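This report is an introduction for a reader who has not seen the structure before. Please look over the sequence and the model first.

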Amino acid sequence: MERLTLLGLPLDPVDMGEALRRIGGFLEEERTHQVVTLNPEIAVRAQEDQALREAVLEAELITPDGVGILWAVRRLHGVRLPERVTGVDLTLALFRRFPGLRVYLLGGKPGVAERAAREAERLGAKVVGLHHGYFREEAPIVEAIQRAAPDLLLVGMGERQETFIHRNKARLRAKVAMGVGGTLDVLAGEAKRPPLWAQRLGLEWLLRVGTDPKRWRRAPRLLRFAYMVLKEGR
């Protein structure tokens, strides 16, 4: 299926199997390919953040991350996508599909990337570099990634991750670079994923927002996303 457009942004209507197939192709090429897991928050922020918008527009793969995206595609395009392809699920699937994948981990608080690296290697990846996300000077980080030349760069830096990848894309020497949100925290054991029943129902975001006061500020974006979709679908 060809790319769809959602609130002015591109979206690849892929399931996990197709996402893995496409990334497998990226891994055979030398240039850097950016993967964006599009969720309602990114879609809303990209309406006003031009740098983020350009990052999404120029990404080689944009997957549907979140039940809100599935709902919006069904409402606006009449297409029922088979499943979410989230950052954490895609990361774990890549480790399983490509044993020995050379990975660089960037993000989290100091110490998180180190613990995430141990879990990534237990799952079959080969970690070739890591750094926390609390840095001031960007150039040394980019140079370290260049030297490592990983197959896969995982960036868990919240709202900065997509634009960091896009801004430095030509210099990273990573075959695939993907913003993964809190995935490093999950790998490190800092954050636990909601129960399996909540994952299957697509209610992870609701449980996370409800149980973490720091996430409450994100709720207005979810409401705005729903409003934008309903308005466009009139």
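This is a predicted model: local features need pLDDT of at least 70, side-chain atom pairs count only at pLDDT 80 or more; totals for chains, interfaces and linings use all residues.

Six strands form an open sheet in the order 4-3-8-7-5-6, and their pairing is parallel. The edges are held by strand 4 (61-64) and strand 6 (126-131); each has a single partner strand, so one side of each is left without a neighbour in the sheet. On average, neighbouring strands are turned by 20° against each other, direction ignored.

Strand 3, residues 33-38, runs parallel to strand 4 and is joined to strand 4 by four bridges. In this pair, threonine 37 stands opposite threonine 63 of strand 4.

## Helices across the sheet

Helix 1 (residues 16-26) lies across strand 3, strand 4 and strand 8 (176-179), and runs at about 160° to strand 4. Helix 6 (residues 112-122) lies across strand 5 (102-107) and strand 6, with an angle of about 170° to strand 6.

## Nonpolar cores

The largest nonpolar core contains 31 residues, and Ile23 and Leu90 have the most contacts inside it. At least two residues of this core come from each of helix 1, helix 5 (87-97), strand 5, helix 6, strand 7 (152-156), strand 8 and helix 9 (183-188). Helix 1 gives the largest share, five residues.

Which residues does leucine 90 touch, leaving aside its neighbours within four places in sequence? Leucine 90 is in contact with Met16, Ala19, Leu20, Ile23, Val35, Val85 and Met178. There is also a second, separate core of 24 residues, with Leu9, Leu11, Leu52 and Val73 among them.

Methods
Residues are numbered from 1 along each chain as its sequence is written. Side-chain values use heavy atoms; hydrogens and water are left out. Two strands pair if DSSP finds at least two bridges between them. Axes are lines fitted to C-alpha atoms, for helices over the stretch in contact, and angles run from 0 to 180 degrees between N-to-C directions. Contact means heavy atoms within 4.5 Å. A nonpolar core is a set of buried Ala, Val, Leu, Ile, Met, Phe, Trp, Tyr and Cys residues joined through side-chain atoms within 4.5 Å. Buried means under 20% relative accessible area, exposed over 50%, partly exposed in between (1.4 Å probe, protein chains only).
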